[in-house]
Amino acid sequence: MNIQPPRIGPQPWPQVRTQLDKQLPFANMRDTPYYHDAVYEQFSKAEYARRFAALRAKMAEHKLDCVIVPGGPSHWSFGGGMLWLTGHWEWHALACYVVVPLEGEPTLVYSMGGTHAEAVRRQVEPALSDVRQSRGGRYAEVMVERIKELGLTKPRVGLVEIDPRHKDYMPVNQYNDLRDGLPDADIVFTRSFIHELVVIKSEPELDCVRRAGVLCQHAMEAIVAAAKPGATESDLRAAAGSAILRGGGDIDFLIIGSTPMANPAMFFGNPHPSERKLRHGDIVIMELAAGYRGYTAQIGSPICIGEPPEMVKRFWHDITLPGYQRIIAEIRPGNAIDNVRVAAQFFRHKGVQSRPTQIHGIDIVTATPHVFAERTEAREDDKVFKPGMVTMAEPNPITADGLFGIFLGHTFIVTPEGHEVVDKFPLELVVAGQ
């Protein structure tokens, strides 16, 4: 028998302040003085109004009365549409959810109650005012109550992905509770709703991408400073992560690996940086991603521990850098994205190979379009570069024997005139550890 805990409504401060050791009053506290002086950098109310209006226009186009927009902490979500609509980045749960009616106030169903929920209410004030706790993970139950409050008895409800890359939606238990609680609803699975709204970014959004680019640069500079014989890959990860966090950002991923240049056995960084100690004559290969208020940028550039041998210098000057320059020359408005694939054939023409990915889009995180060595994957609307798009150029040429390669990547904004790189890390074979 599933015994549900009792429910109580919101508990105002005069009522809850002397009952903080009791679970239900604590979990349902409202209007407390807690975090009243917390400072959160946020978008304006006008910017959030623009986002909700854009989403509701799409809802009307698809004849939806309500959409449920989730977001979680995984790379392929990185807050997703929930963050885009609220400014909240979730780290507790698989996802939190925003219930957005075609008409009426939106509601954030947040993982936690109590002081956690009070802090989030302060954080999301420019976006919305209705934040409700999940009652220990019973998100769908809270969603059903809100949808019924809105008077939607037979609604057409759209579900947005948590992870659009892998097409993952809310967990089956939440879906079943939603379906059981709204037996007359028409529940539909939408595709690419949020991507279509964020692929072309507003100027305030692009400013966040630029800030994320600066954080990436600072992370690279921290790795250069830490890259000495005896330091471990984990030490480099700590240096990069600290630089991102000190700058007010969030870590998306830190892929860092090392190998001897005289006897290499690596062309892409280690997704799980190890305790391997750096030695003189190593090369460090990495790909880093930093987020700022929900917008990410990525970067990667080789770092040599001591002077590189001629083989590495030739690979950089004859292969990596000219191949990269051919690819980024294609980043300009009106140009077909598939032209990047054609440019990347340079590597095979030079007698080397590469990782499949040459370039990919960034909406909130890595997203369509994807240009591979063999093909281009893109929605019809994403097949041409447009101002306001963000893209990561990341060719990773590899020697013919598969044992050595260099990852080189920077994040670009497509501008009306061409493109803008969002960091100032030098395009050179950096030597550290001297």
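Student: Which residue of β12 does valine 284 stand opposite?

Tutor: Valine 284 faces isoleucine 303. A word on the model: this is a predicted one, in which local features need pLDDT of at least 70 and side-chain atom pairs count only at pLDDT 80 or more, while totals for chains, interfaces and linings use all residues. Residues are numbered from 1 along each chain as its sequence is written, and side-chain values use heavy atoms, with hydrogens and water left out.

Student: How do you know that β10 and β12 are paired?

Tutor: Two strands pair if DSSP finds at least two bridges between them. β10 and β12 (residues 303–305) are joined by two bridges, so the pair meets that rule. The two strands run antiparallel.

Student: What other strands pair with β10, and over how many bridges?

Tutor: Strand β9 (residues 250–260) is antiparallel to β10 and joined to it by 10 bridges; there, isoleucine 255 has glutamate 287 as its bridge partner. Strand β11 (residues 295–300) is antiparallel to β10 over five bridges, and alanine 289 is partnered by glutamine 298. The β10–β11 hairpin has two residues between its strands, and arginine 293 has a positive phi near 55°.

Student: What makes β10 a mostly covered strand?

Tutor: Buried means under 20% relative accessible area, exposed means over 50%, and partly exposed lies in between (1.4 Å probe, protein chains only). In β10 (residues 282–292), 11 of 11 residues are buried. In a regular strand the side chains alternate between the two faces of the sheet. Both faces of β10 are covered, with Val284 and Leu288 among the buried residues on one side and Ile285 and Glu287 among those on the other.

Student: Why is methionine 392 called buried?

Tutor: Its relative accessible area is 0%, so methionine 392 falls under the 20% limit. Methionine 392 is found in strand β17 (residues 390–393). Leaving aside neighbours within four places in sequence, its contacts (heavy atoms within 4.5 Å) include Glu287, Gln298, Ile359 and Phe407.

Student: Why are α6 and α7 called roughly parallel?

Tutor: Angles under 35 degrees count as roughly parallel, over 145 as roughly antiparallel, 65 to 115 as roughly perpendicular and the rest as oblique. The axes of α6 (residues 139–149) and α7 (residues 172–181) cross at roughly 30° and come within 8 Å, so the two helices are roughly parallel. Axes here are lines fitted to C-alpha atoms, for helices over the stretch in contact, with angles from 0 to 180 degrees between N-to-C directions.

Student: Which residues of α6 and α7 meet?

Tutor: Tyr139, Ala140, Met143, Val144 and Lys148 in α6 meet Gln174, Asp177, Leu178 and Gly181 in α7. By class, the contact has five nonpolar, two polar and two charged residues. Ala, Val, Leu, Ile, Met, Phe, Trp, Tyr, Cys and Pro count as nonpolar, Asp, Glu, Lys and Arg as charged, and the others, Gly among them, as polar.

Student: What makes α5 largely enclosed?

Tutor: Eight of the 10 residues of α5 are buried, so the rest of the structure largely encloses this helix. Among the buried residues are Ala117, Val120 and Arg121, and their cover includes α2 (23–27), β2 (29–30), β5 and β6.

Key
Helix = DSSP H or I, 4+ residues; strand = E, 2+ residues; numbered from the N terminus.
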